[in-house]
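Good morning, everyone, and thank you for making time for this.

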Amino acid sequence: DSAGEYRRVKLPTTTAVGCYDRLLGEVRKRYGAPAGVELKLKFKDEDGDDVVLACDEDLAECLSVATDAGLKIMPLQVSRAAPAAQDTSTRPPASVSSTAVSSERPDLATELAAARRNVSALEEQAHMAATRRMSLPVGVASLGGVPGGGSGGGSSRPAVTTRLSAVTSPSATPPVPSTASSSPQAGPAQSADGLATAGNRALHRNDVDGALASYSAALALQPDCVLALAGRGAARLILNDAAAAETDYRAALSALDGDGGGGGGGGGGPRPGAAAAGERDAVLGGLAEALIELRRYEEAVTVTAPASAAARSTVGAALEEEVVSAAAAGAQAAAEGAFGDATAVYTAGLRVATAAAGGGLAPSGSGGDEVADAWQPRRVALLLGRAAAYAGMGDGGMEREDLEAAVAGGGGGVRARVALARCLWREGEAERARREARRAGDLDGTDADVVALHAEVGLPPPLTEAAAEAEAAAEAEAAAEAKAAAKAKAAAKAKAAADAKAAADADAATGAAAAAATA
């Protein structure tokens with residue numbers, strides 16, 4: 001869509017009459033678009049031209065292009081063809097009433113509750129990473145001039161929850177800094193670095209306007225002052241003006257590379273050694289923060305590739321916060337019945353996790369785990385949440401796809417197995433449903449939901465832990481008795497054979513004695 005967010009829709013596999021209307025209906029469900037809003041769909045043909053989808057014939061052509069190109073996924077562009085008749089500042093209404101769905105799907109409440117529990121687990125996992133993050137945006141304390149290393153109070157980075165929870169209204173206007181603070185005048189003894197350091201101290205005191213004035217004065221003296229550019233970028237991040245922050249951080253990066261003619265914090269070309277490395281880390285981290293704010297996660301991962309392990313760890317923690325934010329916002333939207341919004345936010349969270357894992361940025365507490373494995377529990381939580389949202393929309397196919405992905409990923413536990421079994425049962429796949437139910441019983445036969453599931457799919461109650469232990473003990477005892485009986489039988493057989501041999505030997509001896517006596 002226009003916000004750069006992707007929402008998955010299954011294309012019809014046939015071009016029967018009405019296929020376009022069915023596709024449009026699915027798109028409406030994903031976006032929660034009421035019937036009064038006209039949507040325009042487009043796809044790119046084999047020549048790269050945008051083609052409007054407006055009828056069954058257009059959809060047939062779209063499917064033909066995808067087939068000829070061997071595409072498993074066909075990107076479609078969605079836009080609003082006419083202004084909405086309602087206030088667009090509010091959340092789009094849910095396409096499906098949560099009350100109505102709950103009456104049709106009593107198990108949905110369980111899935112939604114599980115999604116909310118997953119949020120709590122993710123928040124706990126991310127807690128240590130959050131406490132390690134600097135209170136000031138990256139790029140201020142790392143460049144010096146802030147008492148206490150930037151770990152104290154004062155300003156804070158923009159609330160992470162505003163990024164993904166506001167995914168349906170991305171066009172919010174960033175705050176405009178006031179002009180209440182007077183611009184400092186650069187006297188004869190003042191340098192650009194000195195003014196920038198004063199700006200950092202002002203930012204630490206939460207005086208954003210004063211900080212911006214100091215940075216502007218520094219840049220008036222030296223347009224490529226890295227300290228001032230990075231500081232202003234941080235201030236703009238605090239004001240939620242991520243686009244302007246990106247511009248500042250990229251200018252600082254160019255100055256560090258010597259592209260701006262002055263280079264470095266104090267001019268004179270690129271700076272060697274640890275100072276330059278620390279400055280580069282700070283600028284790259286700040287640039288990544290700005291890109292994360294702009295939801296350009298893949299770029300945020302890419303720009304940190306040359307940074308140190310410590311800087312990359314900080315960006316990894318920021319991306320993990322995005323994932324936690326997505327899980328929380330998705331669960332909240334689903335709880336309110338806004339299932340279309342929920343699927344969009346969960347999808348954005350999955351995009352973050354995929355980008356971070358692909359770029360080798362590990363979440364907090366991953367230890368020695370492989371990066372992809374470390375992100376897997378987060379991905380599973382998002383998949384389960386999105387599956388519950390799809391269930392709320394009545395889309396069993398997409399729900400099943402996410403549940404199967406969660407189970408295949410080695411996570412989800414009992415809840416994922418139970419949800420998948422019920423999904424399969426509704427779709428008429430009785431044997432697979434029973435198999436998943438048995439697996440859920442193997443994981444926890446005492447769980448009330450598992451017991452209910454077994455009854456639903458026609459299976460006997462799962463064994464409780466005590467019953468399983470008793471059955472195992474009985475089987476072990478029976479095996480021991482069978483082994484003892486077999487051993488006794490073998491001993492008796494050996495004794496009988498020995499007795500028979502002894503009797504034969506005795507008979508042979510008697511015969512020999514008789515023959516000797518006759519002779």
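This is a predicted model: local features need pLDDT of at least 70, side-chain atom pairs count only at pLDDT 80 or more; totals for chains, interfaces and linings use all residues.

If we take the contacts in the protein with a separation of 6 or more, 64% of them are accounted for by residues 24 or more positions apart.

Let me turn to the sheet. The three strands form an open sheet in the order E2-E1-E3, and the pairing is antiparallel. Strand E2, residues 50–53, and strand E3, residues 77–80, are at the edges with a single partner strand each, so one side of each has no neighbour in the sheet. On average, and with direction ignored, neighbouring strands here are turned by 35° against each other.

Strand E1, which covers residues 39–44, is joined to E3 by four bridges, and its antiparallel pairing with E2 also runs over four bridges. Within these pairings, Leu41 has Leu53 as its bridge partner in E2 and stands opposite Val78 in E3, while Lys42 stands opposite Gln77 in E3. E1 and E2 also form a hairpin, with five residues between them, and in the turn Gly48 has a positive phi of about 85°.

Helix H1, residues 19–31, packs on it and touches E1, E2 and E3, with a direction that makes about 110° with that of E1. Helix H2, residues 56–68, lies across E1 and E2 and runs at about 35° to E1.

The axes of helix H6, residues 192–204, and H7 come within 8 Å and cross at roughly 170°, which makes H6 roughly antiparallel to H7. Among the residues making this contact are Leu195, Gly199 and Leu203 of H6, together with Ala211, Tyr215 and Ala218 of H7. Sorted by class, the contact has 12 nonpolar and four polar residues, and no charged ones.

H7, residues 208–221, also packs with helix H8, residues 226–238, at an angle of about 150° and with the axes 9 Å apart. H7 and H8 are therefore roughly antiparallel to each other as well, and H7 passes H8 in a left-handed crossing. The residues in contact include Leu212, Tyr215 and Leu219 of H7, and Leu227, Arg232 and Ile238 of H8. By class, the contact of H7 with H8 has 10 nonpolar residues, two polar ones and one charged one.

I will finish with Val407, which lies in helix H15, residues 396–408. Is Val407 buried or exposed? Its relative accessibility is 15%, so Val407 counts as buried. If we leave aside the neighbours within four places in sequence, Val407 is in contact with Ala416, Arg417 and Leu420. As for Leu383, it is 24 residues from Val407 in sequence, and the C-alpha atoms of the two are 9.7 Å apart in space.

How values were computed: Residues are numbered from 1 along each chain as its sequence is written. Side-chain values use heavy atoms; hydrogens and water are left out. Axes are lines fitted to C-alpha atoms, for helices over the stretch in contact, and angles run from 0 to 180 degrees between N-to-C directions. Helices (H or I, at least four residues) and strands (E, at least two) are DSSP runs, numbered from the N terminus. Angles under 35 degrees count as roughly parallel, over 145 as roughly antiparallel, 65 to 115 as roughly perpendicular and the rest as oblique. A crossing is left-handed if the near helix is turned anticlockwise from the far one by less than a right angle, and right-handed if clockwise. Contact means heavy atoms within 4.5 Å. Ala, Val, Leu, Ile, Met, Phe, Trp, Tyr, Cys and Pro count as nonpolar, Asp, Glu, Lys and Arg as charged, and the others, Gly among them, as polar. Two strands pair if DSSP finds at least two bridges between them. Buried means under 20% relative accessible area, exposed over 50%, partly exposed in between (1.4 Å probe, protein chains only).
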